[in-house]
Amino acid sequence: MALKALDIYKLLPKKNCKECGDPTCLTFAMKLAGGKADVELCPYLSDEAKAILGASTRPPIRLVRVGVGERFFKVGEETVLYRHEKTFYHPPGIVFRVRDTQTASEIASVTLRVRDETFTRVGADLRFSGIAIENTSGSAETFASAVAAVEQEQAHLPPVLIAKDPAALKAALVHCGSYRPLLHAATGENHKEMCALARQYGCPLVVRAATLDGLVQLVKDCTAEGIQDLVLDPAPDTLGAFITRSTQIRQLAITRSVPEIGYPVYLDATATGQQDAAIALGIVKYASVIVTDPLSVGSTKAALTLRQNLYTDPQKPIQMNPGLYRVGTPDKDAPVLMTVNFSLTFFTLQGYLESSRVPCFMLIVDTEGLSVLTAVAAGKLSETLVRDAIKKFGVEDEVLHRKLIIPGYASPLSGRIEEATGWKVLVGPRDAAEIGEFLHEEWKR
């Protein structure tokens with residue numbers, strides 16, 4: 001079981017030397033307890049203390065990085081079984097698969113789609129994570145050509161290489177070995193050859209077995225070969241088998257009952273014949289790398305939305321960046337509406353403003369993601385905050401007038417905002433659905 005912060009603190013030298021980067025040993029102990037620091041940062045720990053703390057304080061699921069450059073993704077390092085206990089940190093990489101039996105143009109089309117396709121939701125750009133190339137031809141040369149076709153597009157996507165024959169992977173790695181691809185998969189029969197390739201190119205490696213004991217043995221074999229970055233493929237043939245095995249792996253990893261199982265999980269969403277359901281189940285139940293055939297528009301939005309929802313911290317509201325936003329093409333006489341940076345407030349108001357067809361400016365102030373009513377009650381929305389936002393975002397340079405529309409629930413602040421800013425304050429409706437009517441009837445008066 002993981003040690004508590006005070007138990008860890010008792011094992012530390014208590015020098016408060018700050019050489020670990022933290023101001024006190026107690027702060028360092030709290031980070032170790034949360035899996036947010038490495039025992040090696042303390043230069044004064046004894047070997048015995050390092051052994052005790054290393055086993056107890058490392059993240060129960062290893063962090064694994066796939067790819068390089070801007071589009072790499074990280075999986076693992078999760079610390080809880082249920083999202084409401086804390087949060088989930090690293091969204092699963094959803095990877096589109098191409099097969100080496102497809103034409104170069106078909107492979108290029110999928111590659112460019114993963115590179116360019118973006119779905120924007122509540123202020124975040126959502127997209128797929130990488131490209132998987134599968135050796136279905138059985139030919140090492142054909143497989144290498146397919147990988148080369150992907151790399152020719154200069155998409156810089158994290159690659160997943162899927163082949164049973166280590167010789168095929170070796171031929172493919174000539175084209176992308178420096179890009180840290182994920183190799184699939186080591187089995188009881190080929191793990192030595194697979195480990196040699198992973199070690200040579202510095203790649204993470206998937207180990208595949210249909211039983212927990214088989215996975216544990218493969219992890220032991222591969223770590224003995226010097227491979228630390230592993231991903232577990234429980235080889236499910238049904239959705240029920242996946243949920244049983246992935247949940248068992250997560251439970252054993254989180255409780256550290258079987259430390260050898262503390263690695264991210266891989267899912268081939270097409271293996272069960274129910275791709276969309278498998279993707280949803282994988283996102284919800286602990287899959288970290290999900291390989292799928294290219295999705296339809298509807299399935300794309302569903303998968304990316306589900307992933308965003310599940311991997312948003314439930315204790316922190318989704319926030320918009322404060323700033324001055326344009327709705328339509330506002331001119332110097334356009335109205336300026338102030339509101340908070342709670343994303344639901346922003347997008348609700350923006351939608352009604354667009355429907356009103358009145359070009360305007362939205363001044364978004366930083367209330368730490370709180371709604372208008374909550375921000376007013378908590379003192380997070382104030383006249384000084386509005387005054388500073390007007391200056392910071394250059395609102396006075398954008399319009400000739402000095403009128404500011406504030407939300408109806410912020411009406412108690414109207415007088416103070418006028419005094420602090422020198423702007424005339426108009427109190428808008430409490431319901432955003434009424435903003436269009438308000439602008440048409442009140443703005444030009």
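Student: Which residues is Tyr9 in contact with, leaving aside its neighbours within four places in sequence?

Tutor: Tyr9 is in contact with Lys14, Cys25, Leu26 and Ala29. Contact means heavy atoms within 4.5 Å. This is a predicted model: local features need pLDDT of at least 70, side-chain atom pairs count only at pLDDT 80 or more, and totals for chains, interfaces and linings use all residues. Residues are numbered from 1 along each chain as its sequence is written, and side-chain values use heavy atoms, with hydrogens and water left out.

Student: Why is Tyr9 called partly exposed?

Tutor: Buried means under 20% relative accessible area, exposed means over 50%, and partly exposed is in between (1.4 Å probe, protein chains only). Tyr9 has 26% relative accessibility, so it counts as partly exposed. Tyr9 is found in helix α1.

Student: Why does Leu6 count as exposed?

Tutor: Its relative accessibility is 57%, so Leu6 counts as exposed. Leu6 also lies in helix α1, residues 5–11. Helices are DSSP runs of H or I with at least four residues, strands are runs of E with at least two, and both are numbered from the N terminus.

Student: What makes Leu6, Leu26 and Met30 a nonpolar patch?

Tutor: Patches are made of residues with over 30% relative accessible area and no salt bridge; nonpolar side chains (Val, Leu, Ile, Met, Phe, Trp, Tyr) are joined within 5 Å, like charges within 9 Å. A salt bridge is a side-chain nitrogen of Lys or Arg within 4 Å of a carboxyl oxygen of Asp or Glu. Leu6, Leu26 and Met30 form such a patch on the surface, with about 310 Å² of accessible area together. Accessible areas come from the Shrake-Rupley method with a 1.4 Å probe; for residues, only the protein chains shown count as cover.

Student: What makes a set of residues a nonpolar core?

Tutor: Its members are buried Ala, Val, Leu, Ile, Met, Phe, Trp, Tyr and Cys residues, joined through side-chain atoms within 4.5 Å. The largest has 71 residues, of which Leu161 and Leu205 touch the most other members. Helix α9 (residues 239–254) gives the largest share of this core, six residues. A second, separate core of 23 residues includes Val336, Val340, Val365 and Val386.

Student: How do you know that strand β14 is mostly covered?

Tutor: Five of its five residues, 336–340, are buried. Val336, Met338 and Val340 point one way and Leu337 and Thr339 the other way. In a regular strand the side chains alternate between the two faces of the sheet.

Student: What makes β14 and β15 a pair?

Tutor: Two strands pair if DSSP finds at least two bridges between them. β14 and β15 (residues 360–365) have five bridges, in the parallel sense. Thr339 stands opposite Ile364 in β15.

Student: Why is Tyr286 called buried?

Tutor: Its relative accessibility is 5%, so Tyr286 counts as buried. Tyr286 lies in the loop between α10 (275–284) and β12 (287–292).

Student: What is the phi of Tyr286?

Tutor: It is positive, about 80°, although Tyr286 is not a glycine. Gln154 has a positive phi too, near 55°. Most residues other than glycine have a negative phi, and most peptide bonds are trans.

Student: Which residues does a cis peptide bond join?

Tutor: His184 and Ala185, with omega about 5°. Ala185 lies in strand β8 (residues 182–186).
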